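Here is a short report on one protein chain. It covers the fold, the charge pairs and the surface.

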Amino acid sequence: MRLCSVLILLAGLWLPPAMAAIDVYEFDSPQQEETFRELTRELRCPKCQNQDIADSNAELAKDLREKTYTMLREGSSKKEIIDFMVARYGNFILYQPPVMASTLILWLGPVLVMLLGLAIVLVRTRKKSRNSAAGADSALSEQEKRRLADLLNKDKES
């Protein structure tokens, strides 16, 4: 067992170290670099879905970073790049999709769920308070009180 561990360790010494790919881009100006950083943070990776293209290691995200860089170097504006990406991948690529008929459920969905939950809580609370109020009104009648007293007395005698 020990020999096996030593052999695995020695084999690891001859293997090249694992390294993550790091993209290196050169920009004409700090403004161009800042625009690139903003765009890569605003655009969602279509494959990963919960990562922006700046943080994703997917090949598609790498391609989108390259395309963004190329378009910036060619002089495209931020709006032109976003329009290109939306035309190609749809509004899903944006972390902040525009408010329009097709995305209305994305914007209003959380609010509607919260309102529905609040309505359910209110209805159940009112129903419970009505039931407890009705229970207080239905006090025992005189006949029921006598019957209860008789039962309790019989129980004590036994």
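## Model and fold

Helices (H or I, at least four residues) and strands (E, at least two) are DSSP runs, numbered from the N terminus. This is a predicted model: local features need pLDDT of at least 70, side-chain atom pairs count only at pLDDT 80 or more, and totals for chains, interfaces and linings use all residues. Residues are numbered from 1 along each chain as its sequence is written, and side-chain values use heavy atoms, with hydrogens and water left out.

The chain has 6 helices and 0 strands. Of its 158 residues, 19% are buried (under 20% relative accessible area; exposed is over 50%, partly exposed in between; 1.4 Å probe, protein chains only). Take the contacts (heavy atoms within 4.5 Å) with a separation of 6 or more: 47% join residues 24 or more positions apart.

## Salt bridges within helices

The whole structure holds 8 salt bridges (a side-chain nitrogen of Lys or Arg within 4 Å of a carboxyl oxygen of Asp or Glu). Lys 145 pairs with Glu 142, with the closest N and O atoms 3.9 Å apart. Both lie in helix H6 (residues 142–157), 3 residues apart, about one turn of the helix. Glu 142 is exposed at 51% relative accessibility; Lys 145 is partly exposed at 43%.

Lys 79 and Asp 83 form another salt bridge, at 3.0 Å from N to O. They sit 4 residues apart in helix H4 (residues 78–89), so about one helical turn separates them. Lys 79 is exposed at 58%, and Asp 83 is partly exposed at 40%.

## A buried aspartate

Asp 52 lies in the loop between helix H2 (30–42) and helix H3 (59–73). Its relative accessible area is 9%, so Asp 52 counts as buried. Leaving out residues up to four places away in sequence, Asp 52 touches Thr 40, Arg 41, Leu 43, Arg 44, Cys 45 and Tyr 95.

Which residue forms a salt bridge with Asp 52? The partner is Arg 41, with the closest N and O atoms 3.4 Å apart. Arg 41 is partly exposed, at 47%.

## Surface of helix H5

Arg 124 is in helix H5 (residues 104–137) and is exposed, at 62% relative accessibility.
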